[in-house]
Amino acid sequence: MTEHIGENAALYALGLLDAGDARDVEGHLLRCDACRRLLAQAEADVTALSAAQPQLDPPTKFRSAPSSAPARAWWNSRTLAYAAVLAVALLPSGFLLRQNVAMHEEMLANSAAISRVMSTPHRTVAFAGADAHVMYGKDGSWYVVVIRGAVAPLHVLWPHDGTTTMLGTAVPRGDVAMLYLPQSHRMEQLALESGGRVVGHAQLAF
Amino acid sequence: MSASAVELFPTMRSISDDGALADAFAAKAPWAFDEAYARFGRLLYSTAYHVLENQEDAQDCVQDALARVWRLPDSYTRARGALRSFLTVCVRNEAITRIRSRIRRHRMEERIAAEPQTPGELGAVDVIERDKLQAALRALPEEQRKPLELAYFHYKTHVEIAEELHEPLGTIKSRIALGLRKLGTALGSRA
């Protein structure tokens, strides 16, 4: 679809389009800033309608974020999980080989992260100013931040566009802290913050 | 840490800032999912409830819609606009898909039902009689209000609306788009 979405922005926001037309709109949005703005405004209009209706409290608290990692039935096998830890230790990565037992325990606790690092081509970049690394997908779709010698939780930050966004907190287990972002987008820089100070900085290449 | 590196991080926004939440949600930062629900959950649940009119269905609908958004790569980027609006429309569209499925199941009973209701007699509109939405709807010309009500409160497609109102499809699309724009202005979503 090459033509602008025009009135279909309103129809899309109202849920009126059939699946084919909706896909056409979504395809066009990928390459048209003007239509993204048009749709964003139409969605704001629909949201204003929704917000103008009586607001109700949900009956129960919502569950936590679902895992973004694809389900892997085979990973439930305990034997394979241990095998994976061994495999990590044998990976030809100098960084991984230097990690201590606590590192392995932390990675075992986060089997999705370990699976990702094992099974997906990735890059590893060290943080300047901290004993920390980030392993990330070559397309920027996932990140594992590992910090050694951490004695307190560290915030992982994403500096971008003149501002800084908090991504999450790496909490120490033993002397290793980790944060896994299983499904993200390309981020050129990451930073570590502790006690209100930036203590590490990584420049990522793609 | 070198001074130059420190200078790379000029502004750490509060996580209470909607823009910070939207950035974090786009990056799929773990905290952003729960925070988005904490901040917008009431609106999202209410949106689903007003379509489905059932607590359990509404909650399932919100959970499924949010889970889908969270799992799909690049489902939300900042270029798509405000996170609040994006999520609201996602939830509402999920609710509409469900209610249309329900309607299809009961199509026969609906056909047997009495004469078609007019938009002013709809149950959903009764619910909002006292609020500003009612006033904003009434301020619209009837030719825009009718198709918009059929779309918003009856979840009819623009094709169905064109058939019901005996108007060309293009005319109905234009009237819905114009009506929505006016309603947005009246409700404060446009500057």
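**Note on the predicted two-chain model**

1. Read along its sequence, chain B follows the pattern α-α-α-α-α-α-α-α-α-α-α, and chain B accordingly has 11 helices and zero strands. Helices (H or I, at least four residues) and strands (E, at least two) are DSSP runs, numbered from the N terminus.

2. This is a predicted model, in which local features need pLDDT of at least 70, side-chain atom pairs count only at pLDDT 80 or more, and totals for chains, interfaces and linings use all residues. Residues are numbered from 1 along each chain as its sequence is written, while chains are lettered from A and ligands numbered from 1 in the order in which they are written.

3. Chain B averages a pLDDT (the predictor's confidence in each residue, from 0 to 100) of 81, and 79% of its residues score at least 70. Over residues 1-8 of chain B, however, the pLDDT is below 50, and this stretch has 12 contacts in the model beyond near neighbours in sequence. Residues 115-126 of chain B also stay under 50. Where pLDDT is low, the predicted coordinates should not be read in detail. For the complex, the predictor gives an ipTM of 0.79 and a pTM of 0.74.

4. Of the 191 residues of chain B, 42% count as buried, a residue being buried if 20 or more other C-beta atoms, placed from the backbone, lie within 10 Å of its own. Two residues are in contact if their C-beta atoms, placed from the backbone, lie within 7 Å; among the contacts in chain B with a separation of 6 or more, 59% are between residues 24 or more positions apart.

5. Helix H4 of chain B (residues 55-71) has 17 residues and reaches 24 Å from its first C-alpha to its last, close to the 24 Å expected at 1.5 Å a residue; the expected span is 1.5 Å times one less than the number of residues. The buried residues of H4(B), including Ala58(B), Cys61(B), Val62(B) and Leu66(B), pack against helix H3 (30-52) and helix H5 (83-105) of chain B.

6. Between the chains, 58 residues of chain A are in contact with 71 residues of chain B. On the side of chain A that touches chain B, H3(A) gives the most, with 15 residues.

7. Within chain A, strand S1 (residues 122-126) and strand S2 (residues 132-137) run antiparallel and are joined by five bridges, where two strands pair if DSSP finds at least two bridges between them. Arg123(A) has Tyr136(A) in S2(A) as its bridge partner, and in the hairpin, with five residues between the strands, Gly129(A) takes a positive phi near 90 degrees.

How values were computed. A residue is buried if 20 or more other C-beta atoms lie within 10 Å of its own, exposed if 12 or fewer, and partly exposed in between; C-beta atoms are placed from the backbone.
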